[in-house]
Amino acid sequence: MEDKQQPAFERGTDGPKVIVVGVDGSGSSWRAAAYAAGLARRQGAKLALVYIQPLLPAGATMGAPVVDATHEVAEELMAEIRRSTERLQGLYQMRWEFHTLRGDPYAGMVQMADELRADAVVVGASESAGHRIMGSVAVRLVKTGRWPVTVVP
């Protein structure tokens, strides 16, 4: 008797269908978004832009409106993305969506890549000296080994 199981999900068998890119407002994340957008446009893939709002230790938020600030960053990122797409309207057609989560950037990128069944993940190179000790999000994503990861300088 033949086993009629559904075929397992295959990433990128006919080119990428979903490309996830991390954005945080830094120069390298905008370069990563531009690179991912070009790749998505050429491949006919959906572009998923992801901003992970950082969680700060409880003591760091005493008296400071940190949560409001991270929401403002998300709103500013979305506004900039909309302005960019409006400037290119009519020149390029592309499917895209914006997601924002709160938490650890690495865990958030993994969650979104898994949920969206990403074929590829694109991130900007870390601009933080502290990542040399802790490991950057990009390095941790590469080590995860579930998707091709492109790191844009």
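Predicted model: local features only at pLDDT ≥ 70, side-chain atom pairs only at ≥ 80, totals over all residues.
Residues are numbered from 1 along each chain as its sequence is written, and side-chain values use heavy atoms, with hydrogens and water left out.

The protein chain contains five helices and five strands; these are DSSP runs numbered from the N terminus, with helices (H or I) of at least four residues and strands (E) of at least two. Read from the N terminus, the order of elements is β-α-β-α-β-α-β-α-α-β. Of the 153 residues, 35% are buried, where buried denotes a relative accessible area under 20%, exposed over 50% and partly exposed a value in between (1.4 Å probe, protein chains only). Among contacts (heavy atoms within 4.5 Å) with a separation of 6 or more, 77% join residues 24 or more positions apart.

Helix H3 (residues 105–115) packs against helix H5 (residues 137–144) at an angle of about 45 degrees, and their axes are 9 Å apart. Axes are lines fitted to C-alpha atoms, for helices over the stretch in contact, and angles run from 0 to 180 degrees between N-to-C directions. H3 is therefore oblique to H5, given that angles under 35 degrees count as roughly parallel, over 145 as roughly antiparallel, 65 to 115 as roughly perpendicular and the rest as oblique. From H3, the contact involves Pro105, Tyr106, Met109 and Val110, and from H5 it involves Val137, Arg140, Leu141 and Thr144. By class, these residues comprise six nonpolar, one polar and one charged; Ala, Val, Leu, Ile, Met, Phe, Trp, Tyr, Cys and Pro count as nonpolar, Asp, Glu, Lys and Arg as charged, and the others, Gly among them, as polar.

Within H3, the buried residues are Gly108, Met109, Val110, Met112 and Ala113. The cover over these residues includes strands E1 (18–22), E2 (46–53), E3 (95–102) and E4 (120–124), together with H5.

The loop between H3 and E4 holds Arg117 and Ala118. Arg117 is partly exposed, at a relative accessible area of 45%, whereas Ala118 is buried, at 0%. The C-alpha atom of Ala118 lies 7.3 Å from that of Trp147, a residue 29 positions away along the chain.

Two further residues were examined in the same terms. Arg102 belongs to strand E3 and is partly exposed, with a relative accessible area of 40%. A C-alpha separation of 6.5 Å relates Arg102 to Leu55, and the two residues are 47 residues apart along the chain. Gln93 occupies the loop between helix H2 (66–88) and E3. The relative accessible area of Gln93 is 67%, and this residue is exposed. Gln93 and Gly44 stand 49 residues apart in sequence, with 9.0 Å between their C-alpha atoms.
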